[in-house]
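Please have the sequence and the model open as you read.

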Amino acid sequence: MSRPAELPVSPAHGISVVVPVYQGETTLPALVDEILALAPERLTPDGHLRRITEILLVHDNGPDASDAVIRDLEARHELVRGVWLSRNFGQHAATLAGMASTGGDWIATIDEDGQHDPAYLDSMLDTAMREQAALVYAKPTNAAPHGPFRNAASKGAKIVLRTVMGGGDASQFQSYRLVLGDVGRSVSAYAGSGVYLDVAIGWITRRITTSPVELREEGGRQSGYSLRKLLSHFWKMVLTSGTRGLRLVSVLGIALAAVGLLFALYVVISAVAGTQLAAGWSSTIVVVLLSSGAILFSLGVVAEYVGVAVNMAMGRPSYLIVSDPGRGPLGRRRPHDS
């Protein structure tokens, strides 16, 4: 009796962990220890073999001694590698630099402050494979440890971006994410200066989902985000979310012109009906409305052309070639999946 053929075993999913570092002097050692404890090859709850292949600490030139900590961790642990930026560029630029330096099948991005528990990487990978997603955002099951004002402002900003500016489902955006390595490295290659990272990823994939996580406290350190930086962060989201904002100018111009025409019609009807209107007032209002509408519509058309140039300057790609999505991320499924 012949033995049944054994099912082929897929190679382990290699995960590169990217940590942008600005004020990580006190929190980095504990975070790296947590990640290293999870690094060896293991099975996820859904049966996917995975291992952490590298930990990239991107030094963004913060005000503390994070650089010395990175050098020490790099010297003591083979998996740890420092990525050194020439100056402070901000969290998104540092994350892109880390992504560009990776070699794993997947890229996980984790904050330096300890609020992201790396133990959730297994469930995030399971979610990606189960839903054939190229990007998995952590979905907090508890309120972020930033205080009620900042949490409310963040939620409101994402609602504005989604409903007014058409920036996709910005409510999903989180700095704790698991993204296909090819997608992450492609984004880091073409994204221009000042591009909001999550918007740029949304340009090339719609296979996006979330996975529940519980956020932790921020390791007792003060947030590096001032009100000015938070407003700048929001404005970057607005400017890179597309040209819908430009089209609103055209729509407003058309609306004002329509109001001007309606008011002109009202003036004509009133004159026929014998209604007395203030001399000069009606014609002035009609001229102002029609002129304002024409000017705003013209600005909107010009802005659309500017928007095309802006998309090119930001590096928005015309296309990106990927593997067959029907085969799942990396073209892999578990042997017993149909």
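Which residues does Glu-54 touch, not counting residues up to four places away in sequence? The partners are Ile-15, Ser-16, Val-17, Leu-79, Arg-81, Ser-101, Thr-102, Gly-103 and Gly-104, where contact means heavy atoms within 4.5 Å.

Before going further, a word on the model: it is predicted, so local features need pLDDT of at least 70 and side-chain atom pairs count only at pLDDT 80 or more, while totals for chains, interfaces and linings use all residues. Residues are numbered from 1 along each chain as its sequence is written, and side-chain values use heavy atoms, with hydrogens and water left out.

Back to Glu-54, which sits in strand E3 (residues 49-59). Helices (H or I, at least four residues) and strands (E, at least two) are DSSP runs, numbered from the N terminus. With a relative accessibility of 12%, Glu-54 counts as buried; buried means under 20% relative accessible area, exposed over 50%, and partly exposed in between (1.4 Å probe, protein chains only). The side chain of Glu-54 also makes a polar contact of 2.6 Å with the side chain of Ser-16. Such a contact is a pair of N or O atoms within 3.5 Å; within protein, one must be able to donate a hydrogen and the other to accept it, and residues adjacent in sequence count only if both atoms are side-chain atoms.

Leaving out residues up to four places away in sequence, Val-17 touches Ile-35, Ile-52, Glu-54, Ile-55, Leu-56, Ala-108, Ile-110 and Leu-121.

Leu-121 takes us to helix H4 (residues 121-130), where 8 of the 10 residues are buried, so the helix is largely enclosed by the rest of the structure. Leu-121 is among these buried residues, along with Asp-122, Met-124, Leu-125, Asp-126, Thr-127, Ala-128 and Met-129. After H4 comes Gln-132, with a positive phi near 50 degrees. Gln-132 is found in the loop between H4 and E6 and, at 22% relative accessibility, counts as partly exposed. Asn-61 also has a positive phi, near 55 degrees, and is a residue other than glycine. Asn-61 lies in the loop between E3 and H2 and is partly exposed, with a relative accessible area of 29%. Most residues other than glycine have a negative phi.

Now follow the chain into helix H2 (residues 66-76), whose buried residues are Ser-66, Val-69, Ile-70 and Leu-73. They cover an arc of only 100 degrees around the axis, which puts them on the same side of H2; the arc is that of the directions from the helix axis to the C-beta atoms. Strand E1 (13-21), helix H1 (28-37), E3 and strand E4 (80-84) are included in what covers them. Asp-72, also in H2, is partly exposed, with a relative accessible area of 38%.

How many aromatic pairs does a search of the whole structure find? The search finds 1: Tyr-137 and Phe-173, tilted, at 6.0 Å centre to centre with 45 degrees between the planes. The pair links distant parts of the chain, with Tyr-137 in strand E6 (residues 135-140) and Phe-173 in the loop between helix H5 (148-163) and strand E7 (177-180), 36 residues apart. Rings of Phe, Tyr and Trp (its six-membered ring) pair if their centres lie within 6.5 Å; planes under 30 degrees apart count as stacked, over 60 as edge-to-face and the rest as tilted. Both Tyr-137 and Phe-173 are buried.

Finally, step back to the whole chain. There are 10 helices and 8 strands, and of the 338 residues, 41% count as buried.
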